[in-house]
Every structure is written in C-alpha cells, then in structure tokens.
Amino acid sequence: MEAQTRPLIVSYAPHIRTGDSIEKIMYTVVVALVPSIITSIYYFGLRALSVLLVAVLSCVASEFIVNKIRKKELTCFNGSSVVTGILLALNVPAGLPLWMVVLGSVVAVIITKELFGGIGFNIFNPALVGRVFLLISFPVAMTAWPVPNAVDVITAASPLGILKTEGVAAIADITFWKLFLGEIGGSMGETSALAILIGAALLAVRGYIFVKIPLIFIGTTFAFTGIFYLIDPSQYASPVFHLLSGGLMIGAFFMATDMVTSPMMVRGQIIFAFSCGLLTGIIRLFGGYPEGVSFAILIMNAFVPLLDRWDLYSMTKRREAIK
Amino acid sequence: MRTFKRGGIHPPENKITADAQIETLPTPDVLTVLLSQHLGKPAKPIVKKTELVKKGQRIAEADGFISAHVHAPTSGKVTAIDQRSPSPGGQYSQAIVIEADGQEEWADGLNADVDYASLSRDEKLGKIQDAGIVGMGGAGFPAHVKLNPPKDKKIDTLILNGAECEPFLTPDYRLLIEEPEKILKGLEIVASLFDEDIKVYIGIEQNKPQAIRIMTEHSKGTPFEVVPLKTKYPQGSEKQLINSLTGRTLSVGQLPFDVGCLVHNIATIYAIYEAVAKNKPLIERVLSVSGMSIQNAKNLRATLGTRITDIVDYCGGLKDEINQLIVGGPMMGKSQYTLEVPITKTTSGILLINNKELDSLREMACIRCGKCIDVCPQGLQPWRFVDLAQNRRTDEIPVNMLNDCMECGSCTFVCPARRDIVHWIKYAKAMNARRKG
Amino acid sequence: MLNSILIPVISLTITALVLGVSIVLVSKKFHVDEDPLIEAVTKLLPGANCGACGQPGCAQFAATLVETRDPDLTCPTISADVNEQIGALLGMELSATKPVVCVVKCQGTNAVSKLTADYHGIMDCWAAKQAFHGTKVCPYACLGLGSCLSACNYDAMRIVDGIVEILEENCVGCGLCVKECPVSVLELQEKKPDRYFVACSSTDKGGATRKYCEVGCIGCKKCEKACPVEAITVDNFCAVIDQSKCTSCGECIEVCPTHSIVLTKDNII
C-alpha cells in the first residue's frame, strides 16, 4: 500500500481529454503529404528534396527566431511551421533558386503568421502568401517549370500555361493518365493528383479536414469550367483537364481546409468553398494568370472572419427564437 | 435508438466496477457531516458539542425555502462543530463531527414500515422533506421543492434518469440490477404525487443491457416505459434527457417544469422510497470507488460523512502514488486537494488516478477548428466565450447563452489546443455576477 | 505619352484637392466648442485613464472638474504639486491629495506558507478561488496568481515566489488592484517616511495560524503591550496599527515573534 506524499493536482473539470492535440494534427498532415513528396522527388529529382528541406528548415527557424524575440514559449516545434514549409515547397517549381525558397519561407511564417500573433491568429494561409509573394516578385523563376523525368534541367510551360497562351489545341496530347499520375510540368506537389488524394483520404478518415470544403470547391470549378466547355469546346478545355492540372487538387485538399483560415461552421464553409471554386474558374478562364487557385483562396480567406461572424449572429438569433 | 439531437461526445467508458456487487462499508469511528450538501443555503446546526445523538436524528435544520435538513448518520457523540472542514466543493465548509459509539441506535419512529399508500400528497412531500432528500445525481436540489412545482406548471412526464453517462461511475447501474423493486416502488410514490395520466419513462443507456432487461421485466404490468438510449455523453443531463425521450427542447432560461417534465436520479428515487416507506432519512448512499490507482475498485454503500481516506483504506489502499483525487466523474467532478474530504449526499463516485497527461498540459492558441461548436449539446460557441473572457470582455457575451452552458465539458474534452474552456466559462459567469452585484 | 501621365496626375490632384477642402469644411462645421481649460487640465494629468477618480478617463475628469468646479473631485495619482497647479489654472482651492501607496497585507511566500495543492488551471486568483478555496492553506493569504497585476496600469506589481510584490516607485495609489483582489489582502496606506504595518490578514487563532504559516500574525498582543502610544489593537487574533497614531518608534517590530510587522520607507515627493 502506497502512502500519498506528493501534493495532489487540482485542475478544473473535465479532467480527461481526447488524444488529439495540435502537434498530432500537424504531424498527421505531414504524413498525409508524404505521397506528394515522394512523387515530387520521383519526377523532379533530388533538387526537389533540397527545396523541401530548405523550405522546412527556414520556416521552423523563422518561427524559432520570432519566439525568442517575443520571449514566449517555443511554438516552432508544434508542427505548423513544418506543414507550412512542406506546402510552400510543394507549390514552387523544383528548380527554384534556394535563396528564393528561404525568402518565401520567411514571408510565409513571419509576415503572415507571427506578425498577426502566431498560430491561430493569422487570417491568410501562410504557405499561399509565401507562394504568391514569390510569384509576383519573381514571375520568371516561378513559372520555369522543369520537365518531369528529364535528365538535364529543361523547363517548359505547364499545361495551364500552354492553355492560356496557345489555346485548347495545344494541350490535346496531354492524356488523362499523365495528368492524374503527375507526369506533367508544374510545381512540385501539384502535379500528381493521385498522391494528393491518398493523403487527403488519410486526413478525412482521421477527421482532421472538413471534407465538404474540397468537394464543393472542386465541384464548383468542375461545373463552372464544364459549362463553358459545353458552350465552346474549341476555346475552353475540358473540366477534367482543369480538375487535374494546376494547383486545384492540392489547394482544395490542403490549403482551403487549413483550420485556422477556413470558416468554423457549416454555412460559412459552403459559401467559402463555393466562392473559391467560382473565383478559380473565373481567373483561369478569363483572368490574366493561367492559375487561379492561390488567389481565389487568399481572397476568400479575407472573408472568413465575416462569414464566422454572420454564422455566430444567425446561431444566436436562432437560439433566442426557440420558444 | 433514441438520443438528443445536437452535439455530444463519447469518452472512453472505463466502467471497471460494472460487475462489482454493492458492498456495505462499515461505519467508521469518526464522521464529518457537512452542513452544505445541497444547493441553496447551508443547514443550521441544532446540536451542540458533547451532545449525544441517535442514528437518523435531525442535527441541522434547513435554512430557507431552498435548503434541506441534515441528519446524524449513526448514533454517537458530537465532538465538534468544525467551521473549516474541507468539502468536496473545494471551499472550506461548516461541519458537525460525530464520534460513533458503535451501537447504531436509531432515533424514535425511524426505520419502521409505513403504510404509505394511504398517505396524502402533502404527507408524502412532508416525509420527503423531513428525510432531507436532495438530488443525488450531483446537483443536490432539494427533492421536496422539485416535486412541488408552481401550481401553473402542469407536469405530464416523469423521467427516471438511468443514463449514468460519466465514465467510471456505476452506482446507479448496480442499484438498478440489485434493487429494481424498491426503485419501481419509489417511482410509484413519486408518480402518485401527480395526475394519474402522467407518462413515466425510465431512460437507460444502451451500454447497460442487463439493467434494461431487468427493469423491463420488473416493470411489466406497470405504465412505466423503459427506453434504451444511445450511449453518448451528456445523455444524463436533464435537458438532453428530456429531448431524447420527449423531443421537447428547453429554450433559453427554461426549466424542465416549463415543458411539463420532471427528471429524477435513481439514487434519489431509492432514497425517496426508503424515506416514505420506511421512515429512513438520507444518511447513506451508494458510490463507486474507481480509477487505475486503487487496489480494489468497488461499489460501496457508505455512510455520509465518511472520509475518503477511510474508504481508500477499505478498498486496499493505493497501488501507486496518485496525482489526482476526483469526487464525481472525470467529466464534471471536482478534483480535491486532500484525502480528508468527507463524502456527502451528492458524492456518486471517487476516482483515484494517475493522470500523466496533466503534468504537461499547456494551453495553446485557438486554432479555429470548430470542434467545440460541433460537440456542444446546447448549441453554444465555446471558443468565443473563452476569447472574450481572456480579454476581460465578458459583458459582450449574451447572458442567456452563457447561462445555458451547463459546464458538461464536451468542448474542453475535444479541444486540440488544450484550452481550459469550462474553467474560462465559469470564470466569465463569475465575472458577470461580480460586475452586476 | 505625355497624355498618359498628364491625365492621371491631373485627375488625382483634383480629387485630392476636393477631398482636402471637404475635410476642412466638415471639421469646421462639426467643430465642438470646448473650453480650452479642459485641455490645459488634461495635459497635467497622467493620462493613464485608470478610472480611480471615478470618471471614465482623464479627459472626462478634466471636463467634469471644469464644469462642476467640485473641490472634492481629485485625482488620487497626482502629487500635491500638480494638484496645486490644476487649482491655480481653475482659480480655486482643490482638496489636498494625500499620497498613498498600495500595500500587501501578507508575507506568505511559497517558502513560508503551506500550499494546498499543485494548481493546474487558469492562472488567475478568482479562477483559483472558484476551483477550490485557494492555493494556500491560509484562507486569507495572497493567492499569488496575479489578478491584481492585470488591473495595474502603472507596472507597479510583480509576482515573486507565490505572492504579489509592489514596486513602490511606480505605484500611484489609484486603488484598482485593491478592488480586484478576491481576498482583500491589498490596502491603500498613506505614505510616511517610516511606515510600520502588520503584513498579515489572518483572523485565525494563533495556534491555527502557526500551523500553516511561519510569518502570520498569531494575535499574541506583544506589540499591543509594547506600543508606547497605544496605536496597535489586536482584533480577532490579528494586529492592526493605527497609522494616525503611530510615531514610527519601532518598538513593535522588535518584539514580534513571527516577524509579521514590516517597515517600509516611503519616498514622498
């Protein structure tokens, strides 16, 4: 029989918690991104690995530095910086100069996340802001897509790029399987739709992403591009092509579902996903850029606090109305 | 399978005492009877130091309308009126300390059979009040007040709460299996206080199939309906139970009698039977001693006022050093700072655990995952309450929403950022009360 | 080419001019006439908007003072000098402000006062009082979790070893922390060159106090007997020094067996 000598802990109810924690969620997302990491190295070589490592290290280091300056507890190891680093790397061309990767990471972590207050306080998706910053600042380097499986470093336009500049006829030889498996030009992680779907399935099973957001997002883009394809197939590419090329898959499953920057309640999530899909379609078909996913998500991120407020207001009104 | 519409979680059940038959704990030498074992004003002592008392004798009188009497759990001598006894609520409380003489001599007229069928409604309520019966599920609301709602509230549904949704706790379950007749007779007594056509439900969670079977068998021929309920926390909360069984929803600020319902805990009904049929005041109760660190987990029938150290000794002591002692269940129970705490009318369980996670639990920023909103059975927004409470802006929280929170703990259970949501909500409520008064 | 520069420049210039003129006109039309005295008084105030005077902010205090000319409306945080200056501005005699400082009537650090348990919850004194009766066995002790600290606008408090410590050079005596304390262990006392006070609020019998705290007042009355001017009274087993009678002779602190009496030298400007 043991004698009780250590003081008892007094905490407030409840005294048990689920196994989930922020670290667990973040590292599960990392595991879900492993298929995409593998395909990126497979198609683009070891340059992809170096971009990935540099991105992750720079993101974690940036958060570490800010933690130290703020004299607060270290949050850099909770996994969110690692996820930002991986997502940023998967969104840039494999041949991007490493100093640009570092710059993008610093912008993503310090400006988008830490300056707003750290994890949970940022309005915009950090990886996307980093990517868009690089795109606008270094447009040439950011659109030099390496050709997959090439021995030498050759770059060519991505399928969406070809579509924008040369029209539907030029993409006729890009088959469905090439698009699905990823044997096309594009950023490191967006090419292989299969890898992304495997990762997303893991997260959906665990309940870490709200599945309705990517499904509505992709569905809307599919429908929007589909309508125009039906109107004029010679000017607009098929919706399946739009689905599998560009950053739509990775954007819908990993960026739009980021908990901090997406709405918390159902109605907000539906509006968010639908608008993202619509904006992506509009930018792709009628805008100046060949790819619209990043911009669409960032624009909708800005509306998320408003959507949450509206849902909060409606919920309060509905409760008061119960008699 | 009936259940409530909104929210809810399913924590690991850990009902390790489910098959342990109720054992009677021998009355200890010293009993610390707290004067506040119920909601409302504490009872006022009517005995003095060195006075001799008999078992079941009233030793403290109810103070006011919402209050209850307190009785001596055994015969003996009053050795002290302690002003600073530790209590399960956490605060220092007034208590009457009795040294047992081992005779267990009942006071006159108590522990005798009564022909209760011929009693009037007021007489029955009077017996319930005399026995000092309160809601034994944890709230401690005086039963005679609850059973006598305002005249304009018509009660058409009576619900017996057999859900016992908290992990680890099994006293109600064992009572259902071992003493179903007494419980049904108690239910009859309560039902007789209202109109004849009152509908009576016995709600039991479906993880207790034996209890459902036994109660269904014994209630054949009675108008009582046994309803299996889906195992979901907080099924045992009265608002959720009413919703599951009748489909009615309580709106902001409403109480069960506003929708014609009355909910009672099993132990309370058992105590009501003993009070009306046998003239026995509330001086003992069944509780579960559970947790991974206790040598022998048991269900005990213990005398009120027994200190937890005595109970732990009876159950073989501790296997290893614990870091938490919880009175109640792990979801809504209170953690204690000493083992010298006595048990009261509302103590349904004692948990002795070594919660490794607590040593390293740190609150992090809200990541807006929305899980707390999904699981809240009342449809509230816990993340927003915490946000405003931390910034001391509690006056911006709609008061009716804050009061609707019953602190069930579902939100805190699922939060991945480990935020102490319920504590902040309680803090916000207290802050608002301070601001007003 | 010149056209493509000229047109934007001209249009923007015109827009700027129009907006600028509108702003000037609007500010003139909606101008609120304010007594210049109010601004002059506000400048003399510390500007922390602590609310100790009872008004919602320094500017409102100045406005009310100028309007009502109430001599009893004083700012507790300013020195006698500044108070005179304000009086001079308004041409009236204001009630004298007595410099006060906040005092903690407890010395129960974790080293000398028994703890009840290892508290894992919200680090706030009111929150701890809700979860259980408090971090220390002594029910009158400072809980040391900092509710008072969060109320202080002048950075005059810090938590050291489980109780709060006042940084006297920053404390202006506004009294907001006193209102925040759940056990009322903080008190405002008038500044004195040698201020003696009993740093204990425990009204428990001596034996009980001794059990849970090494420096708590046990009500032995040695100080009451030693005081030559009868400034100390022991009420309910806790000594209290009447500051108006105390002559700072120091006899009490010599005889106190538990070192509950504390001497602080105040810096009075």
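So, chain B against chain A: 49 residues of chain B are in contact with 35 residues of chain A, where contact means C-beta atoms, placed from the backbone, within 7 Å of each other. Which elements of chain B give two or more residues to that side? They are β15 (324-327), β16 (334-336), α12 (410-414) and α13; helices (H or I, at least four residues) and strands (E, at least two) are DSSP runs, numbered from the N terminus. By class, the side of chain B that touches chain A has 25 nonpolar, 15 polar and nine charged residues. Nonpolar here is Ala, Val, Leu, Ile, Met, Phe, Trp, Tyr, Cys and Pro, charged is Asp, Glu, Lys and Arg, and the others, Gly among them, are polar.

Quick housekeeping: this is a predicted model, with local features needing pLDDT of at least 70 and side-chain atom pairs counting only at pLDDT 80 or more, while totals for chains, interfaces and linings use all residues. Residues are numbered from 1 along each chain as its sequence is written, and chains are lettered from A and ligands numbered from 1 in the order in which they are written.

Okay, chain B with chain C. That contact takes twelve residues from chain B and 13 residues from chain C. On the chain B side, helix α13 (residues 421-436) gives the most, with five residues. That side splits into seven nonpolar, three polar and two charged residues.

Last stop, helix α6 (residues 238-246) of chain B. Eight of its nine residues are buried, meaning 20 or more other C-beta atoms within 10 Å of a residue's own. Among them are Leu241(B), Ile242(B) and Leu245(B). The buried residues pack against β9 (157-162), β10 (199-205), β11 (224-229) and β12 (261-265) of chain B. Just after α6(B), Gly247(B) has a positive phi of about 80 degrees.

Terms used. Two residues are in contact if their C-beta atoms, placed from the backbone, lie within 7 Å. A residue is buried if 20 or more other C-beta atoms lie within 10 Å of its own, exposed if 12 or fewer, and partly exposed in between; C-beta atoms are placed from the backbone.
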